[in-house]
Every structure is written in C-alpha cells, then in structure tokens.
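This report concerns the fold, the surface and selected side-chain contacts of one protein.

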Amino acid sequence: FNDTAFRPDNGAIFENYVLLELWRNKGTGGEIQFFRTSDGTEVDFVMSRFSDKLAVECKFKSLEKPISLAGFNAFCEEESIENRYIINRNYNARFNNAQLIPGFLAPKIRFV
C-alpha cells in the first residue's frame, strides 16, 4: 500500500500496467512478445498484428530531457519497426524516431 515512488518493485508495477493497456488494445490477431539477446539487451514489448509491429520500452523515471536507447533503436532498425514508444513518468516528445510518452497515455498506443 506504499506510494509507487517508494516501492522497490515500482519498475515492475509500471511495466505490468503498460502490458495490461497494450493487451487491451492489441486487437484481433495481435500478439505481444518481448525481446532479449544473450548479452542482456532487451525490449520490453513488441506488439504485432499481421505485418504491423510496434516496440515499447518502459522507464519508470521522470525525465527532464529526451533520451535515446541504443539497444532499443538497434533492434527497431534491424526489425524495421517504425512505431517506437518509450513510456516514462512525465515526458512527451518525439526524439530519434521514438515517441516518448507519459505512462497515463499508454492506453493510446494501438494499431490504426
């Protein structure tokens, strides 16, 4: 019952929230997977439906400026994923081919 800012598992709770929102919006035939290489590079969620894909990385951080994630971007380039989201606590901007969005906008991520 502690505030999420003071919980040691706040990142996991944030990821779970995002997963639930993606699951609600994946549509018929949609799948949600994750990606991890043998060296530990990971992408939290890759949502696909038919030939469309989008990638989502979750960061339970308050950002003061945009961030770029090298492993995330490399994966998206290799897999030809144009729709990229970095979900964080507060920042809303487009940077280095990714949309940084605050967590409360996670329900807006969907295939069009």
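The structure is a predicted model, in which local features need pLDDT of at least 70 and side-chain atom pairs count only at pLDDT 80 or more, whereas totals for chains, interfaces and linings use all residues. Residues are numbered from 1 along each chain as its sequence is written, and side-chain values use heavy atoms, with hydrogens and water left out.

**Architecture**

The protein contains two helices and six strands, taken as DSSP runs numbered from the N terminus (helices: H or I, at least four residues; strands: E, at least two). Along the sequence these elements follow the pattern α-β-β-β-α-β-β-β. The radius of gyration is 14 Å, close to the 13 Å that the globule rule gives for 112 residues, so the protein is as compact as a globular protein of that length. That radius is taken over C-alpha atoms, and the rule is 2.2 Å times the number of residues to the power 0.38. Along the principal axes, the C-alpha atoms fill a box of roughly 40 × 30 × 30 Å.

Of the 112 residues, 38% count as buried; buried means under 20% relative accessible area, exposed over 50%, and partly exposed in between (1.4 Å probe, protein chains only).

**Salt bridges**

With a salt bridge defined as a side-chain nitrogen of Lys or Arg within 4 Å of a carboxyl oxygen of Asp or Glu, the count comes to six. Among them are the following.

| Salt bridge | N to O distance |
|---|---|
| Arg7 and Asp9 | 2.8 Å |
| Arg24 and Glu21 | 2.6 Å |
| Glu77 and Arg84 | 2.6 Å |

Arg7 is partly exposed at 27% relative accessibility, and Asp9 is likewise partly exposed at 31%. Arg24 and Glu21 are three residues apart in helix H1 (residues 10-25), and are thus separated by about one helical turn. Arg24 is exposed, at 58%, while Glu21 is buried, at 11%. Glu77 is partly exposed, at 48%, whereas Arg84 is buried, at 5%.

**Aromatic rings**

Rings of Phe, Tyr and Trp (its six-membered ring) pair if their centres lie within 6.5 Å; planes under 30 degrees apart count as stacked, over 60 as edge-to-face and the rest as tilted. In one of them, the ring centres of Phe35 and Phe75 are 4.2 Å apart and their planes lie at 35°, so the pair is tilted. This pair links distant parts of the chain, Phe35 being in strand S1 (residues 30-36) and Phe75 in helix H2 (residues 70-78), 40 residues apart. Phe35 is partly exposed, at 26% relative accessible area; Phe75 is buried, at 9%.
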